[in-house]
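Please read them with the structure open.

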Amino acid sequence: MKWPILRAFPSFSPRYLRPFLRLCAQRSALPTGKKLHALILTTGLSIPHNSFLLNTLLHLYASCGDIASAQKLFDDIPHTSKDVADWTSLMSSFSRQNRPRDALLLFAQMLENRTEIDDVAMVCLFSACAWLQDVGVGSQGHARVVKMGLEGRVKVCNALMDMYGKSGMVGDMKRVFGEMEEKNVVSWTVVLDGVLKWEGVSNGRQVFDDMPCRNEVAWTIMIVGYVGNGFSKEGFLLLSQMLFHCGFKLNYITLCSLLSACAQSGDVVMGRWVHVYGLKMMGMEMDIMVETAMLDMYAKCGRVDTAIKVFECMPRRNVVAWNAMLSGLAMHGRGGVVVEMFQQMIKEVRPDYLTFIAVLSACSHSGMIDQGSYYFDSLQSVYGITPKIDHYACMVDLLGRAGRLEEAETLINQMSISPNEVVLGSLLGSCNSHGKLQLAEHILQKLIRMDPHNTEYHILLSNMYALAGKPDKANALRRVLKTKGIRKIPGMSSIHVDGQLHQFSAGDKSHPETQEIYIMLEDMIRRLRLAGYVPNLAAQGFPGSDGVEDAGVSLEKEQALFSHSEKLAVCFGLLRTKPGQPLYIFKNLRICHDCHAAIKIVSKIYDREIVVRDRNRFHCFKEGSCSCCDFW
């Protein structure tokens with residue numbers, strides 16, 4: 001076999017080959033690097049260990065993301081010929097490929113082998129800890145940095161601050177920042193990101209304004225912070241400054257970040273603007289990552305039909321795009337469409353484990369038991385995918401929703417991996433739907449051992465006690481939470497009107513238009529009653545109740561139900577939007593049964609389509625019915 005490249009190396013010397021391998025690494029030219037690797041093997045140049053060709057090849061494969069080849073070369077290099085650069089090359093590759101635990105394991109091996117630790121190794125360590133939010137190991141790394149005298153290295157301190165920031169340790173992050181003698185734009189950007197995440201947009205804007213210089217990343221982080229928290233007007237204002245005053249342009253990473261923030265907050269107005277900008281900048285040949293983020297945004301903002309149009313117009317679709325589309329359809333309860341599209345998908349790309357999470361979730365939300373069981377059984381036998389914990393959670397949810405709780409419990413007992421909170425929580429939710437109180441009590445004990453501070457499971461069981469006519473047990477369970485100082489996560493409902501996000505909590509009276517909202521609420525409840533609505537008092541907890549249901553308690557329970565956050569958001573939407581205009585509401589928790597029943601009637605009375613995105617899925621209320629068919 002003769003290659004033209006052989007003519008460039010008449011002497012086949014490692015001295016000639018190493019620069020070419022380094023160039024391949026710099027340009028991610030893996031195919032050319034593999035040819036050079038083959039040349040080295042066929043000419044026997046890799047036999048002398050002092051040639052350092054294996055080390056250079058290791059760096060090539062690590063830089064190009066071929067971890068399997070990099071790992072093999074690393075193992076082949078004799079211990080005496082390995083230097084710190086070899087260790088850190090593999091560590092960096094693990095971090096870039098989202099394998100942080102492997103990176104930490106490699107660092108531990110470095111310590112065992114008494115390999116010299118440098119600043120690059122510490123940056124790799126902090127990157128892995130940031131990904132895992134492992135403050136314990138990260139703090140030990142911080143101590144080692146001080147001991148080694150590396151606290152003056154800017155890159156090390158930036159990685160250290162990023163670890164603290166991603167782990168919620170804002171005070172430690174700021175302390176490191178304050179002690180830095182030299183700070184660059186990355187240092188400021190890391191602090192900005194941490195403050196925005198944990199202290200809110202107000203404090204984040206203060207950091208942003210204090211920055212001596214800002215790059216595209218800093219601008220993007222601040223804008224995404226605004227959009228993700230519902231401050232659309234502020235986000236648009238800052239975006240215009242970035243584009244028109246500073247002369248920056250939005251690249252594909254910025255566009256994806258903005259679309260992700262829009263998906264999080266439900267801000268379809270900003271999402272559409274990004275869509276138009278992307279078309280103007282990239283044309284119809286838009287980056288596949290941007291198109292995927294775009295269809296995901298439309299689906300999560302309740303515009304699933306628009307998401308389908310975006311998907312169908314994509315010239316090229318990879319498995320990530322297919323998964324985003326299937327997940328969006330699953331959230332909207334379109335199980336039949338998901339099954340049909342899956343058949344198209346397998347002709348185009350190979351499905352992965354995320355694909356089957358979407359498919360099984362769709363089957364669960366649509367009550368498609370036979371199809372879901374078929375795909376779960378096909379995971380290993382047909383597609384060679386070992387079932388993961390999320391696949392089991394979907395199957396438990398599927399069986400539980402259908403009332404087949406014994407089968408769900410058997411599946412949990414037969415799992416090859418220990419069930420987590422999601423699996424057991426799914427079964428607990430099914431117990432609530434089908435009134436299996438005894439089984440629910442048994443599951444709750446396991447869940448408490450896993451996470452004693454999770455209020456959701458306690459509240460769910462408390463509601464089950466109330467429905468079963470055991471208010472004393474319901475109130476006792478709530479008192480336990482109060483005694484331990486554990487508070488229930490408050491339900492919040494949001495709605496975008498005129499480019500601004502309006503948020504409501506149960507009984508909320510902080511909105512500037514509170515008086516008009518409650519007048520509307522009173523009229524809505526009156527019309528609901530005339531249409532046959534009966535408040536579902538059984539599941540409404542009432543702190544301090546001793547189980548005696550007198551008229552006063554019932555009246556207060558009614559008032560508490562009427563002022564749930566979903567109903568307040570609906571009333572505000574009816575007030576501030578044109579007749580016939582659809583309402584899109586986003587809730588952080590699962591929609592309650594009473595609000596679900598009430599909004600169905602509201603959609604018919606006011607002739608409105610009302611789309612509610614709760615924590616699990618979408619509910620499209622129209623003409624007195626819901627897209628979930630009361631199966632959720």
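How many bridges join β4 to strand β5, and do the two run parallel or antiparallel? Four bridges join them, and the strands run antiparallel. Keep in mind that this is a predicted model.

1. **The β4-β5 hairpin.** β4 covers residues 610-613, and β5 covers residues 618-622. Four residues lie between the two strands of this hairpin. V612 has H619 in β5 as its bridge partner.

2. **The other neighbour of β4.** Strand β3 (residues 583-587) runs parallel to β4, and four bridges join them. Here R613 of β4 is the bridge partner of F586.

3. **Side chains of β4.** I610 and V612 point one way, while V611 and R613 point the other way. All four are buried, R613 included.

4. Six strands form an open sheet with mixed pairing, in the order β2-β1-β3-β4-β5-β6. β2 (500-505) and β6 (625-626) are at the edges; each has a single partner strand, so one side of each has no neighbour in the sheet.

5. **Aromatic pairs.** The whole structure holds 15 aromatic pairs. In one of them, the ring centres of F236 and W273 are 6.2 Å apart and the planes stand at 80°, so the pair is edge-to-face. F236 sits in helix α13 (residues 232-245) and W273 in helix α15 (residues 268-282), so the pair ties together parts 37 residues apart in sequence. F236 is partly exposed, at 28% relative accessible area. W273 is also partly exposed, at 28%.

6. **A buried pair.** The rings of F311 and W322 have centres 4.8 Å apart and planes at 80°, so this pair is edge-to-face too. F311 belongs to helix α17 (residues 304-313) and W322 to helix α18 (residues 319-331), eleven residues apart. F311 is buried, with a relative accessible area of 2%. W322 is buried at 1%.

7. **An aromatic cluster.** F342, F356, Y374, Y375 and Y383 form one cluster.

8. **The second largest pocket.** Its volume is about 770 Å³. The lining has 31 residues, and D162, K166, V190, D193 and V217 lie nearest the centre. By type, the lining divides into twelve nonpolar, twelve polar and seven charged residues. Several helices supply at least two lining residues each, among them α9 (154-166), α11 (185-210) and α12 (216-228).

Notes: Residues numbered from 1 in each chain as written. Predicted model: local features only at pLDDT ≥ 70, side-chain atom pairs only at ≥ 80, totals over all residues. Heavy atoms only, no water. 1 Å grid on protein atoms, 1.4 Å probe; cavity = no way out; pocket = protein on both sides within 12 Å on 5 of 7 lines; lining within 4 Å. Points joined across faces, edges and corners; volume = space filled by probe spheres on them. Nonpolar A, V, L, I, M, F, W, Y, C, P; charged D, E, K, R; others polar. Buried < 20%, exposed > 50% of the residue type's maximum accessible area, 1.4 Å probe, protein only. Pairing = 2+ DSSP bridges. Phe/Tyr/Trp six-rings, centres within 6.5 Å; stacked < 30°, edge-to-face > 60°.
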